[in-house]
Structure formats: structure tokens, C-alpha cells
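Please open the model in the viewer before reading on.

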Amino acid sequence: MPTFGNAQLKLLEKLCNAIAISGDEGEVRKIVLEEVKPYADEVKVDALGSVLATKFGRTRSENRMRVMLDAHMDEVGFMIVADDGEGLYRFETIGGIDVRHLVGKQVLVGKERAPAVIGGKPVHLMNGDERTRKVPLDALRIDTGLSGKAKVGDYAGFATKFRRVGPSIMSKSIDDRIGVATLIELLKQSPPNIDLCLAFSVQEEIGLRGAKVAAQYFNPDLAIAVDSTPAYDLPLYEEGENISYNTKLGLGPAIYIADGSTLHDPRLVRFLQETAEAEKIPYQFRQPGGGGTDSGAIQRSLAGIPTVSVSVPHRYTHSPISISRVEDWKSTINLLHAALKRITPALIAVR
Amino acid sequence: MTDILPFLKSLISVSGLSGYETPVADLIAERWRPLVDETRMSRVGSLHGLKKGRGVLPRPSVMIAAHMDAIGLRVSKIVNGFLHITNVGGIDVRVLPGAQVTVHASGSDEELPSVIVMPPARFLPESAGDGVLAINYLLVDTGLLPRDVEKKVHVGDLVSFANEPLELAGDVISGHSLDNRASIAALTVCLEELQNKPHIWDVWAVATVQEEVTFLGASSSAFELRPQIAIVVDGAFAKGPGANGWQTFPLAKGVGLCIGPNMHPFLHKQLSELAERLEIPWFLDVTPSHSGTDAFAVQTTAEGIPTALVEYPLRYMHTPVEAVAVKDIQRVGRLLAEFISSLEANFVDTIVWE
């Protein structure tokens with residue numbers, strides 16, 4: 001099993017604290033380049049800004065499968081769209097954000113990461129049903145302070161800092177820095193039997209855009225999207241069993257069977273399940289349903305690519321703070337590491 | 001003038017919810033002790049600091065008061081390791097989803113870093129709606145396993161905001177509980193200024209408890225100390241997003257001096273004339289009936305106490321990102337100190353109605 005401990009959690013912390021809104025992934029890209037360069041045989045930054053790294057196998061080349069692993073670098077956030085003067089700015093959201101998470105939150109703005117807050121009308125000055133209505137986005141402002149100097153077009157992200165709490169981590173953008181960190185760890189201990197093609201892709205949150213061209217560049221034999229999926233394992237308000245939890249924290253990596261964008265390759269689904277069983281690694285199936293990952297874009301690229309998704313579960317998706325279990329991440333790395341070692345051409349041979 | 005920002009940041013980095021003010025009271029007592037002749041606690045937990053004047057006994061006294069309690073939350077029920085919550089004081093529920101909080105776990109005497117979360121609509125009764133969720137639908141997640149939560153946390157445990165202070169551009173500080181810890185900072189500036197400014201009157205600096213619920217601290221301390229006059233310090237609404245009405249005042253542009261039934265007009269006149277003389281910028285805040293501050297309670301204590309209300313503009317009141325201009329806090333402190341040192345022994349006799 002791969003090494004797992006403080007060094008891995010430190011890397012995840014660094015990645016989670018970095019801000020990389022879709023279209024502005026530079027801060028994470030820099031960390032990724034530093035981490036992969038010593039281990040990869042080829043590294044390039046493509047036309048959209050994704051980092052594409054290849055590590056060739058050490059066995060006879062005609063038997064080596066090209067296996068693409070994808071994790072997206074970007075996270076949801078904001079863009080400044082108008083300057084109201086005196087440090088107050090109008091903004092739009094980038095990616096799927098519930099506006100109810102915004103009022104009263106701390107953010108960092110622009111290249112300088114200037115501290116700011118999201119403010120709105122004080123509750124005391126509201127009447128009647130104004131207090132119970134959702135605050136619309138256009139009633140909120142990013143407040144940088146009186147002499148703040150943000151610019152229209154600046155990106156902004158949540159200012160939440162990563163922390164470890166008991167068996168968990170609490171952080172912004174676990175989706176998908178935990179996937180990015182997973183790929184880096186797998187590269188450091190890459191198996192000899194495959195060519196490992198790593199796509200640290202951009203713009204997943206606004207339409208799976210980086211992964212599509214990454215797949216076209218790599219032209220892999222098969223692909224695995226490594227992401228983080230919501231766990232809705234909360235109690236119901238009234239009596240009854242929660243039957244739409246998607247995934248549950250603590251049950252291990254979530255293997256996808258079907259989501260809103262992909263019917264995941266059944267051969268790969270079974271293969272991951274068998275690997276987990278054989279290696280005694282905990283796993284769960286994500287409840288089939290909506291949502292999607294980069295697998296949707298990858299599977300339909302080129303002449304079609306057998307694709308599956310594996311996610312580390314997290315609660316409170318696209319909010320200022322998400323929660324994941326450290327053990328689930330460890331098991332995800334272990335499962336993928338074990339699976340990569342077992343990949344042979346027979347896995348996806350056409351009958 | 002002393003730089004009050006470090007102390008203000010420490011004041012908004014601790015809890016001290018209404019009725020449970022000890023963490024912040026200890027911090028204030030430590031800072032005030034070298035500045036006053038004695039400190040003690042009232043029966044209900046307010047902090048009294050006495051700085052003696054130079055006048056002959058029996059000396060008149062002025063009470064300068066600001067509440068130190070903060071609004072927050074409390075655990076009302078525990079289900080599968082998730083905490084249901086209720087409010088302590090006037091909580092703005094719109095700011096709760098995604099807020100960082102500390103659960104003060106009484107079972108293990110630990111402070112658990114936690115987050116307030118919003119369950120998906122499909123887990124809630126239809127009546128919950130898709131707008132702002134009422135507080136009873138929200139949950140707190142400690143990140144711990146349910147069996148550990150059951151051991152550590154009890155119903156009734158406090159939950160306080162936990163986001164760290166943020167220094168914004170242009171001398172603005174943002175954080176939770178600036179209402180009313182910024183006023184505590186202003187009283188501290190006043191006490192610092194009085195170190196080098198002779199004054200005839202005794203000064204009672206008072207950090208009151210439970211303003212956000214019942215004004216208990218203000219009324220009980222005013223009763224115990226029986227000052228001849230009182231000045232209460234609290235926040236006014238600053239102009240900002242969605243806040244531009246007659247009740248709002250620009251940040252960093254000066255001190256608010258309040259008029260209305262809760263305030264003695266003579267004290268207001270003295271303070272505003274003094275501000276003019278000292279060229280301290282000030283604005284007139286009118287409160288038509290109830291000021292919603294400790295001034296309301298102090299005025300009717302014992303035989304009645306002439307009371308003034310001095311303010312500074314505060315943005316985003318009752319959210320975890322309240323914001324004030326440090327300059328305004330310094331100005332409030334300075335005005336109080338100058339006023340106190342201007343008090344003649346017979347000032348009370350000069351208070352006139354018409």
C-alpha cells in the first residue's frame with residue numbers, strides 16, 4: 001500500500017488553501033507543476049491551462065495500456081463585475097453556488113488575495129417577509145474595506161482555512177483538491193505495467209472543459225475521473241430513513257455506476273469492485289442518479305474511451321466549508337494504486 | 001494615541017455569549033487593571049473598573065458602559081451526531097449556513113471547531129420552503145463520529161462564531177462580536193487617555209452582561225454604582241450595501257451622538273459642543289423611541305440617571321463579518337476622555353432642562 005501520513009495531509013492542506021476559481025487555476029497549477037516535475041517523464045501545460053503529465057511504464061511497451069487519471073484543479077467562486085466605489089463591488093458566481101451560503105462570509109479577492117467580506121442589508125433594517133426571503137445575489141456586495149482596490153474581472157474565492165478535526169478534514173474546495181492530491185501521490189508510486197497519463201484539468205465546474213481536450217491529447221485506452229462527490233448522509237427532519245444520501249462518509253471511496261452524464265463502463269466498475277474486495281479495501285457505490293464528473297467529457301471524446309469515476313465523499317458541496325474523512329481518502333489512494341497495478345489489456349479487450 | 005487594534009482583535013477572537021461572558025471578561029479585566037484603581041465583578045458578572053478622580057470626597061461619578069456579551073447559539077437536540085441549535089440573542093439566520101463556529105462541549109470541556117449546515121430541501125418538511133431556512137432546520141457538524149459527539153456534547157451547550165478577524169483596506173476591521181466589543185475597545189482608549197489627563201470625577205468603566213437579551217448588566221450595575229451621569233457606547237448602522245436610509249452613517253466619518261427619549265438632552269448638548277471644539281467629526285443619530293441599547297435600561301435605574309448614548313458606525317450588524325473603522329473607535333474613546341476631564345465638581349447642578 002502507498003505511504004500515507006502527515007506528508008500527504010500537508011500536501012492536501014496546501015492545495016485546499018490555494019484559490020483556483022474556474023478559469024484562474026494558476027495557484028494550484030504552480031503547486032501541481034512543482035510536485036509532478038520530479039516524477040513525470042513529460043509535463044506540459046495545454047492551451048486551456050490544464051497540467052498534463054505522463055509517466056511511462058517500465059514493461060514491454062506493446063503490453064502497456066495508456067491509463068488516464070483526471071482530477072480537476074478548479075473550484076467554485078466569484079468574479080468582480082462592477083465597482084460601486086469606496087471598496088464595494090458587485091460580483092457574479094462561477095460554478096454552482098447556493099446564494100444562501102454567501103452573506104456574512106470571508107473571501108479573498110484578486111491576485112493579491114486581498115481580504116474582503118460578503119455583506120448585505122442588516123436584518124434590523126428589513127421588514128416583514130424580507131427577512132425570510134433568499135437574499136438575491138444583486139443585493140450582496142464584496143466589501144474590501146474603504147480603500148480597497150479590486151478590479152472588475154478579478155476572481156475571488158472563499159477564505160476558509162483547512163483544518164484537521166478528529167477523523168475529518170474541514171476545508172473549502174475538497175472538491176477536487178483531494179483528487180489532485182490523489183493523482184500526485186499515485187504518480188510518486190506509479191506502477192510499471194502502464195503508461196500513466198495524468199490530467200490536472202481546468203474548468204470542470206463550468207462544463208467539464210479541461211478534461212475534454214486533455215482526453216483528446218492523451219488518447220488513452222481507458223480513463224478514471226478522480227473527484228469528490230457529495231455525501232448527503234444527514235438525518236431527516238421528521239422521522240424516517242434517509243434513502244437519498246448519495247454517499248456516506250466513512251464507507252470508503254465511492255465507485256460510480258451511473259450519473260447524469262455517464263453510464264460508467266461496467267467492466268471498469270466490476271474491476272474496481274473486485275480489486276477492493278481482493279485487497280480488503282472499503283468501498284461504496286455512489287447511488288445512481290444525477291450530477292456528473294469529468295468522466296462525462298472523457299468518455300465521449302475521440303472514438304469513445306472506457307471510463308469510470310471514483311470519488312472521495314464530502315459533505316456540504318460548493319459551500320465555504322466541506323467535511324471529508326481522512327480514512328476515505330486513504331482508502332481511495334489504496335484502491336486506485338491497487339487497481340493500476342492490476343490493469344492489463346484483457347480488461348477492456350473487445351470480444 | 002495608543003494603537004487599540006491588537007486589543008480589539010483579541011476581543012473578537014474569544015467567545016462570551018450573553019450569560020456566559022467570562023472568557024471576554026477575563027481579557028478585559030487584564031487590560032483594564034493597570035489603567036484603573038480597582039476592578040471587581042458585579043453580582044451578575046459585569047466588570048467594574050474604578051478610576052478615582054481628584055475631587056474631594058464625596059466625589060461624583062460618571063459611568064461609561066458598554067456591553068461585552070455577544071449573540072450566538074445553543075445546542076437544542078442531538079441526532080446521529082448532528083446538533084440542532086437555537087439562538088442566544090437576536091441571530092440573523094441568513095448568515096448561518098456555512099458559518100464557522102465553536103461548539104463549547106461541556107462533556108469533555110473542549111472547544112470543537114464546527115460548521116453550521118443547511119440540509120437539502122428533500123430532507124425537510126415542505127413548509128420549510130426554499131428561502132431562508134428557519135434556525136430549527138439547520139444543523140451543526142463537528143466532524144466527529146456520532147458516538148464521540150454523544151460523549152462530549154450536551155443539550156444546552158453554547159455555540160459561538162469562530163471566524164478570525166480580518167483586516168480590510170483603509171483601517172477597517174471585520175469579525176464577529178464587534179457589536180459590542182468595539183465599544184469595549186473605545187472605553188479602553190478612554191481609560192488610556194485619562195492616564196495623562198486630570199479629572200475631578202470618579203470614573204466607573206463598566207463592561208455589562210446580557211445586553212442582547214435583557215439589559216441585565218446595565219440596569220444592575222447602574223443600580224449598584226449609582227453614578228450621577230452615565231454614557232453608554234454602542235454601534236450605529238453604517239452606510240453600506242442595502243443600508244442607505246436615515247438610520248445609517250458613513251464608516252470612518254466620525255462619532256454618533258444620539259438624541260431621543262432615552263437620552264438626556266443636556267448631556268447631548270455638552271457632548272456635541274465639545275466634539276465641535278475638539279474638531280472630532282460627529283453625526284446626529286435620532287432614535288424616536290427605544291434606542292435598543294443599554295441606555296434604555298440605565299436611564300430608568302434607581303431614581304433615574306441622566307444618560308447619553310455615543311456611537312460609531314458598524315456595518316453588517318449581527319453577522320460574523322461586522323465591520324468598523326478603527327479611527328471611529330479611537331474618536332469615541334478620545335471624546336469620552338475629554339468629556340470626563342472637562343467635568344467640574346458641580347456639573348450635576350448645572351444640568352438644566354430649559
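Select chain A: of its 351 residues, 54% count as buried, a residue being buried if 20 or more other C-beta atoms, placed from the backbone, lie within 10 Å of its own. This is a predicted model, in which local features need pLDDT of at least 70, side-chain atom pairs count only at pLDDT 80 or more, and totals for chains, interfaces and linings use all residues. Residues are numbered from 1 along each chain as its sequence is written, while chains are lettered from A and ligands numbered from 1 in the order in which they are written.

Now colour chain A by secondary structure, which comes to seven helices and 17 strands; helices (H or I, at least four residues) and strands (E, at least two) are DSSP runs, numbered from the N terminus.

Next, select strand E17 of chain A, residues 322-325. Ser322(A) and Ser324(A) lie on one side, Ile323(A) and Arg325(A) on the other, and all are buried. Within E17(A), Arg325(A) is the bridge partner of Ser168(A).

Finally, turn to chain B and select domain 1 (5-70 + 176-350) and domain 2 (72-161), with bounds from an automatic or database domain assignment. The C-alpha centres of domain 1 of chain B and domain 2 of chain B are 33 Å apart.

Terms used:
Buried ≥ 20, exposed ≤ 12 C-beta atoms within 10 Å, placed from the backbone. Pairing = 2+ DSSP bridges.
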